[in-house]
Amino acid sequence: MSQIEAVKEKLRVIRILRLLKKNYTYEELSRITGLPITVLNRYVRGKVLPSTQRTKELIEVLSPYLNLEEEVRRRIIFDKHGLFDNLKILSDSDLMSLIAETIASKYREVKIDKILTAATDGIPLAIHIGNELGVDVVYAKKKREVGVEKFYEVNYVSSSSGSVMTLYLPYWAIKKGENVLIVDDVVRSGETQKALLEMCKQANATPVGMFFLISVGTVVERINEEYNIPVDVMIQL
């Protein structure tokens with residue numbers, strides 16, 4: 001293990017402890033890990049990093065208590081109409097980092113040049129995954145950016161409003177021959193995500209996979225069948 005990988009493992013332990021601290025008391029974490037509360041407190045606050053050996057031990061001990069799917073479900077807030085808010089997921093930097101690590105591990109052996117998403121809610125997730133993979137993140141917008149001369153432009157009909165929507169992505173954002181991972185926080189009808197796939201086609205780039213934090217209904221199966229690319233989802237509602 002390289003020094004960088006060792007440090008990443010240590011930071012992962014810190015993130016896990018911070019995440020578990022939201023559901024467990026220090027006393028409970030102390031019983032789970034066998035470590036004094038004062039030591040756990042220093043880890044959670046980022047004052048010190050555990051040793052390499054302790055990092056290995058903590059990951060082994062804490063892993064059974066870490067369920068990212070459950071953490072995501074716990075943070076989804078539904079209103080009386082059945083609509084949901086996922087801001088508590090996107091705003092939790094430790095949770096997002098751990099999710100990104102999990103997704104990035106699936107694509108370590110895949111050559112990825114860019115991560116593509118749509119503004120705005122897909123951006124935090126895409127940034128975290130891009131950081132883990134060490135690749136740039138680009139995102140399509142619903143308005144033309146001032147100062148950009150040429151765009152990839154895709155029109156689609158929104159099933160929720162019945163209106164024609166347009167996504168714009170600067171020409172420089174994706175190049176011919178690049179491998180693209182498409183990421184978004186939520187997929188409902190699949191219209192926005194199909195528009196992103198169309199942008200890849202316009203750019204002569206190759207979509208090598210898609211990841212959605214939350215999927216509603218069976219749209220993911222339809223996308224997989226229609227485009228024949230790997231599609232991963234963390235939570236299906």
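The following legends describe close-up views of a predicted model.

The model is predicted: local features require pLDDT of at least 70 and side-chain atom pairs count only at pLDDT 80 or more, while totals for chains, interfaces and linings use all residues. Residues are numbered from 1 along each chain as its sequence is written, and side-chain values use heavy atoms, with hydrogens and water left out.

**View 1. Confidence along the chain.** The mean pLDDT (the predictor's confidence in each residue, from 0 to 100) of the chain is 94, and 100% of the residues score at least 70. Helix 2 (residues 26–33) has the highest confidence, at 98, and helix 10 (residues 219–227) the lowest, at a mean of 90. Helices (H or I, at least four residues) and strands (E, at least two) are DSSP runs, numbered from the N terminus.

View 2. In helix 3 (residues 37–44), Val39, Leu40, Tyr43 and Val44 are buried (under 20% relative accessible area, 1.4 Å probe, protein chains only). These residues lie on the same side of helix 3 because they cover an arc of only 135° around the axis, the arc being that of the directions from the helix axis to the C-beta atoms. Their cover includes helix 1 (3–21), helix 2 and helix 4 (52–62). Gly46, which follows helix 3, has a positive phi near 75°.

**View 3. The nonpolar cores.** A nonpolar core is a set of buried Ala, Val, Leu, Ile, Met, Phe, Trp, Tyr and Cys residues joined through side-chain atoms within 4.5 Å. The largest has 48 residues, and Ile99, Ile129, Leu133 and Leu213 have the most contacts inside it. Helix 7 (residues 93–106) supplies the largest share of this core, seven residues. Apart from it lies another core of 28 residues, including Val138, Leu169, Cys200 and Ile229.

**View 4. The hairpin of strands 5 and 6.** Strand 5 (residues 151–157) and strand 6 run antiparallel, joined by seven bridges. Tyr152 has Leu169 in strand 6 as its bridge partner. Six residues separate the two strands of the hairpin, and Gly162 in the turn has a positive phi of about 75°. Five of the seven residues of strand 6 (residues 164–170) are buried, so this strand is largely enclosed by the rest of the structure.

Note on methods: Buried means under 20% relative accessible area, exposed over 50%, partly exposed in between (1.4 Å probe, protein chains only). Two strands pair if DSSP finds at least two bridges between them. Contact means heavy atoms within 4.5 Å.
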